[in-house]
Each structure stands twice: as C-alpha cells, then as structure tokens.
Amino acid sequence: MKNLAFAGAMIASCTLAYPAFAHNVRADDHAPIGVSADHTHKKGEVMFSLRYMHMAMSGNQVGTDGISNDAIVTTIPNRFAGMPMQPPTLRLAPQSMAKDMVMLGAMYSPADWITLVAMLPYSERESNITTYAGPTGATVLGDFQTNPKGIGDISAGAIFPLLGQKPATSDTGTELNLRAVVGMPTGSIDETGQTLSPMNMQMTMTMPYGMQSGSGTWDLMPALTLKQWAGKWSFGAQYAGTIRTGTNDNSYRLGDVHEGSLWASYLPAQWISLSGRVRAQSTGRIEGLNPNVMGPVQTANPDFSGGERVDLLGGVNFVATHGALAGHRLGIELGAPIYQNVNGPQLTGDWMLTVGWQKAF
C-alpha cells in the first residue's frame, strides 16, 4: 500500500508539474507560421519544426495588367528569334503553376546569446503550358505538363537576441532578434523535362530558371525581427533578405529578394491566437543567361523575371498547454496578393498556404 501511495503521489506531482511548465507558454509567443527566424531559445533548448507551403499561380500579366494567351504568342518577341527553329514571337503560354514545399527545421541554443538554426527544403513544381502551332498565328497545338522535384538549398546559421526575451510568466515584453544565415547551393539547377514544341515534337529540355530546385549560388539570408506583447495583443515586424553572391555554374544568378512584414495577433485564450499580416516583397531580375535554357516561352527569358507584390495573410496559432501534447505548436496561415507588378509576361499569383508544426525540448 505504501508503494502504491508513493507511486500515486509521484504521478500526481508529475501531472501537476507538467501543466505548470506548459502554463508559461502562449500561442502568440511565436510569430505567424509564415514568418521564419522570429525567435530564439534559452541555453540547452532544442526545437524541431516541419512546415508545408503551397503556392498557386494562374493566368499571365505584364506590369500590373493581365494579358491573354493569344496576345503573348502573337505580340511578345522571342529573345532567341533568328536561331535555328526559333520563331519571331513566343509560342508557348504558361497556364498555371503550383509549388509545394516541405521544410524541415532545427534550432539549438548552446548559450543564451545565440541560437543555431538549419533548414532542409524539399519542393515539387507542377507547370501547365499550352503550345501554339507553327511559327505564327493563334492555333492551339496542345498542352503539356512539367513536374520537377527535389531537395532545395540547405540553409544554416544563427539567430542572435539583441533586445531581451519576453519573460515566460509575463504578458508584456519586447524582443529584437538578428538572423545571420547562409544558403548553400545544394539544390539542382540542371532539372530537365519533356516539352511540346510548336513543330509538334516531344523534346527533352533543361527546365527554365523558376522550375529549378536551387539557386546554384551561396546566398546571404539576413533578417531583423521585432516583436512586442501587450496583454492579449502582440505585434511584430520583420525584414528578411536573400542576397545572391557570385554566378552559378550555368552562368546566371537569381535576383535578390527583399521582404518586409507587419503583423498583429490577438489572444482570445492561452492556447490560440489569431493573426493578420501584410507582406511586401521585391525580387530583382535574373542576371546572366543559362545557355541550356532556350525556347519561345517567357520563362526562358531572364528579362521576364522579378517584380513587386504585396500579400495579405490571415493565420491562427495553436499551442497545447496540458497533457501529453503540452508544448506542441500548430500554425496555419492563408493569404493572397492584393498588388502585383511584374517584369512580364509572368504568371499571376493566386494564393498561398503555410501549415507548420513546432516543438521545443
């Protein structure tokens, strides 16, 4: 009986202690799940995360205006005109593209002043394209699909807390963090696929720049994140960049990316927060030219890349505060562009979704 009583006391104490630890977390301790590198950890803590991201695009535009398929293939000059089998205008019109990415992340803090981070992405892209018959005219020949997939560029580095960390027992506080991360050229830049030419031939071609898994360059990925909590409300701002260095083995480099986000979150209960976010992004043009990427399609021309966009996103964060799942986090964020200005013709963005799991130990 004494042993049973002792065991019961131990179970009771563990049951009470675990929720006490979990009670110190809030759903909005972390930013919306679409925001990366927003927080640091205390010495000895480890966190694993898994994110799924989906992006959908359809239709085409030049600048801020839409453009029809027929207009693309009859009025937009082909950069490679004059070369063998190259017509004077574009003859392939992209219809849609979907990109799915799974990102595995890990964080470890060897000391309070530094948190080490690493991310491994795997992506799949599916593009649907319409081919027009012959060198001129508006007669549709047929459609084809490409579906490259593979591991992308691994990134690794650290996040440094510049201004405090919100006390776990407080509902007010401010954090300022700096990310210093490097993207490594581990993703492929030589993916190929089957295409349908205007001459009705099935051809194996090197996929255009946007269909490759990697950048082929070492990339600098800085970020600065400010977060503030005030009762049931929290607010955040982040700048994040991707700065390409050098030129890759295929004689080009992707454009730099600069992104800014502002968000606000409301905490109706400890275990759930609702967020709204606005994100502005500027992407530079591709520099250089891959000699293996050639054809009467807009995605083969580096000049038709880059631009600006603004997205509105809504999200929800959940955190388990009791029981076996205490400390596990789930985040969902869904959004769509409200402004796009592209160096077109380019596909038009439709919507994007991020779902992620996080757990610190």
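Is proline 87 buried or exposed in this predicted model, and what is its relative accessible area? Proline 87 is buried, with a relative accessible area of 7%, where buried means under 20% relative accessible area, exposed over 50% and partly exposed in between, computed with a 1.4 Å probe and protein chains only.

## Basis of the model

The model is predicted, and for that reason local features need pLDDT of at least 70 and side-chain atom pairs count only at pLDDT 80 or more, while totals for chains, interfaces and linings use all residues. Residues are numbered from 1 along each chain as its sequence is written, and side-chain values use heavy atoms, with hydrogens and water left out.

## Overall build

The chain has 2 helices and 18 strands, these being DSSP runs numbered from the N terminus (helices H or I with at least four residues, strands E with at least two). Its C-alpha trace spans about 90 × 40 × 35 Å along the principal axes, and 46% of the 361 residues count as buried.

Proline 87 sits in the loop between α2 (69-75) and β3. Its C-alpha lies 8.9 Å from that of proline 77, a residue 10 positions away in sequence.

## The largest cavity

The structure holds 3 cavities of 30 Å³ or more, a cavity being a set of points on a 1 Å grid over the protein atoms alone where a 1.4 Å probe fits but cannot get out. The largest has a volume of about 150 Å³, a volume being the space filled by probe spheres set on grid points that are joined across faces, edges and corners. It is lined by 17 residues, of which Ala37, Ser49, Arg51, Met107 and Met119 are the closest to its centre; lining residues have an atom within 4 Å of a point.

Strands β1 (46-63), β3 (92-111) and β4 (114-132) each supply at least two residues of this lining. By class the lining has 9 nonpolar, 5 polar and 3 charged residues, with Ala, Val, Leu, Ile, Met, Phe, Trp, Tyr, Cys and Pro counted as nonpolar, Asp, Glu, Lys and Arg as charged, and the others, Gly among them, as polar.

## A nonpolar surface patch

Phe48, Leu50, Tyr52, Val102, Leu104, Leu120, Tyr122, Ile151, Trp357 and Phe361 make a nonpolar surface patch of about 890 Å². Such a patch joins nonpolar side chains (Val, Leu, Ile, Met, Phe, Trp, Tyr) within 5 Å, taken from residues with over 30% relative accessible area and no salt bridge, and the areas come from the Shrake-Rupley method with a 1.4 Å probe, only the protein chains shown counting as cover for residues.

Strands β1, β3 and β4 each supply at least two residues of the patch, and the largest share, 3 residues, comes from β1. Leucine 50 has its place in that strand and counts as partly exposed at 40% relative accessibility.

## Salt bridges

A search of the whole structure finds 10 salt bridges, each a side-chain nitrogen of Lys or Arg within 4 Å of a carboxyl oxygen of Asp or Glu. One of them joins the side chains of aspartate 29 and arginine 329 at 3.6 Å, N to O. Aspartate 29 lies in the loop between α1 (2-22) and β1 and arginine 329 in strand β18 (residues 328-360), so the pair ties together parts that are 300 residues apart in sequence. Both aspartate 29 and arginine 329 are buried.

Aspartate 311 and arginine 279 meet in a salt bridge at 2.9 Å, N to O; this pair links strand β17 (residues 307-319), which holds aspartate 311, to strand β15 (residues 272-283), which holds arginine 279, across 32 residues. Aspartate 311 and arginine 279 are both buried. Salt bridges that share partners also join Asp38, Glu175 and Lys227 into one network.

## Backbone features

Most residues other than glycine have a negative phi, and most peptide bonds are trans. Alanine 37, however, has a positive phi of about 60°, and the phi of asparagine 200 is near 65°. Asparagine 200 is found in the loop between β9 (192-196) and β10 (202-206) and is exposed, with a relative accessible area of 52%. The peptide bond from glycine 344 to proline 345 is cis, with omega near 15°, and proline 345 is found in strand β18.

Terms used:
On a 1 Å grid over the protein atoms alone, a cavity is a set of points where a 1.4 Å probe fits but cannot get out, and a pocket is an open set with protein on both sides within 12 Å along at least five of seven lines; lining residues have an atom within 4 Å of a point. Patches are made of residues with over 30% relative accessible area and no salt bridge: like charges are joined within 9 Å, nonpolar side chains (Val, Leu, Ile, Met, Phe, Trp, Tyr) within 5 Å.
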